[in-house]
Amino acid sequence: MTRLSRIAGPTVLTNLRLCLPTDVVSGTISIEDGRIAAIDTGRSSLAAAEDCGGDYLLPGLIELHTDNLEKHFTPRPGVTWPALAAVMSHDAQMAGSGITTVLDALALGDVREGSDRIRSLKTMADAILAARADDLTRAEHFLHLRCEISYPDLMELVEQLAIPEAVKLVSIMDHTPGQRQFTNLDSYRSFYKKKFGLSDAEMAEFEAATVERQARYAAPQRAAVVATAQRLGLPLASHDDAKPEHVAEAAAEGMRIAEFPTTLEAADLSRKAGMKLLMGAPNLVRGGSHSGNIAAADLAARGWLDILSSDYMPVSLLQAVFLLALTEADLPAAVATATATPAEAVGLHDRGSLTPGKRADLLRVRLHRTGDGAALPLVQGVWRAGRRVA
């Protein structure tokens, strides 16, 4: 740390509770040329310093897996919004939730031909890449390629979108009966009958076709996706692992992240294999999984929860961080699940902590006490690379 009298930067924020990597201290932060120039304890006496009223200052949140863009691109069934406008609306919601780095999870393939995901994929990807190229967004956006390995045209999509400078994560998905999330066939049938409005006969036909595609395409395409990611130096994530053999396969392929393991056994084995465990922040906020899988709180209680993702609800990420932190002393470790750990997992070493020299991606938060005594974190300001964006 430096003396306040020596801070010489264009932006100084003071009277903050600074969430540092291992501690929370009252102090001041200086931003210069998009970087954290200095951190000090105590208040600044500089006239230009902004008094933040004792609010918390966190690193900007880092989101590795969100399909929130789909809701903006297709706000209602059968309604498609103009692509770039949809990206900008999605981006504003992410930045307003305190998220400064976003990996937009694009589904490469689906369980059913002609779905909105399939029709919208190229348009959504092009819009994200255009917004990146023109620096239009508040948060910084990258791509997360979610590869549905039973989809016949998967590798064509991978070849189109595996752009090293834009892609930061590749994950392996298999949403077929008897696999991963759907090891329970009754759950599988109930889910897709409701989702697609299928009769019993239509469901039987759909299931049979899906099983045939899985048997034909899954193994060779999984191997091809892994080989492509390794050749391009892109980190890999498994998805919905449920059984020991799922984890063993992922470990042999060099997966860095285990996304949403569905059982405690799979979570434990993934952790022991060196993978970081990623769970949904909505799971933590709601008190459990909406699909009946393991609760994020159970992993947190065991010390196994490494990374939080907002998944389908951007605001949940900040809420979950403060739910994890039972006391202020717990806050640095809780914050790391949405900042430093995801940053390291995908090679974004220039951000993720309040450390001099790191990029000035910052989040100012005020805690609001609700009627039941709970603390609701409210975003008061967001900076990306030193520029205020919310």
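User: In this predicted model, where does Arg 359 lie, and is Arg 359 buried or exposed?

Analyst: A residue is called buried when its relative accessible area is under 20%. In this predicted model, Arg 359 sits in the loop that links helix 13 (340–345) with strand 14 (362–369), and because its relative accessibility is 11%, Arg 359 counts as buried.

User: Which residues does Arg 359 touch, leaving out those up to four places away in sequence?

Analyst: Arg 359 is in contact with Gly 34, Arg 35 and Ile 36, with Thr 101 and Glu 140, with Asp 350 and Arg 351, and with Arg 384 and Ala 385.

User: How should I read a nonpolar core, and which residues touch the most other members of the largest one?

Analyst: In soluble globular proteins, nonpolar side chains tend to be buried together. Here the largest nonpolar core holds 73 residues, and those touching the most other members are Leu 108, Leu 145, Leu 154, Val 170 and Leu 331. Helix 3 (residues 116–133) supplies the largest share of this core, with 6 residues. Another core, of 15 residues, lies apart from it and includes Leu 13, Leu 57, Leu 354 and Trp 383.

User: What is Leu 154 in contact with, beyond its neighbours within four places in sequence?

Analyst: Its contacts are Leu 108, Cys 147, Glu 148, Ile 149, Gln 221 and Val 225.

User: At what angle do helix 4 and helix 6 pack, and why are they described as roughly parallel?

Analyst: Angles under 35 degrees count as roughly parallel. Helix 4 (residues 154–161) and helix 6 (residues 200–232) pack at about 10°, with their axes 10 Å apart, and the two helices are therefore roughly parallel to each other. Leu 154, Met 155 and Val 158 make the contact from helix 4, while Gln 221, Ala 224, Val 225 and Thr 228 make it from helix 6. By type, the residues of this contact comprise 5 nonpolar, 2 polar and no charged.

User: How do the strands pair, and which residue stands opposite Glu 63?

Analyst: In a regular strand the side chains alternate between the two faces of the sheet. In this model, strand 6 (residues 61–66) runs parallel to strand 7 (residues 99–108), to which 4 bridges join it, and Glu 63 stands opposite Val 102 of strand 7. Strand 6 is also mostly covered, since 6 of its 6 residues are buried.

User: Which residues of helix 8 are buried, and what covers them?

Analyst: In helix 8 (residues 264–272), the buried residues are Ala 266, Ala 267, Asp 268 and Ser 270, and their cover includes helix 7 (244–252), strand 11 (257–259), strand 12 (276–280) and helix 10 (296–301). After helix 8 comes Gly 274, with a positive phi near 95°.

How values were computed: Residues numbered from 1 in each chain as written. Predicted model: local features only at pLDDT ≥ 70, side-chain atom pairs only at ≥ 80, totals over all residues. Heavy atoms only, no water. Buried < 20%, exposed > 50% of the residue type's maximum accessible area, 1.4 Å probe, protein only. Pairing = 2+ DSSP bridges. Axes fitted to C-alpha atoms, helices over the stretch in contact; angles between N-to-C directions. Parallel < 35°, antiparallel > 145°, perpendicular 65-115°, else oblique. Contact = heavy atoms within 4.5 Å. Nonpolar A, V, L, I, M, F, W, Y, C, P; charged D, E, K, R; others polar. Core = buried A, V, L, I, M, F, W, Y, C linked by side-chain atoms within 4.5 Å.
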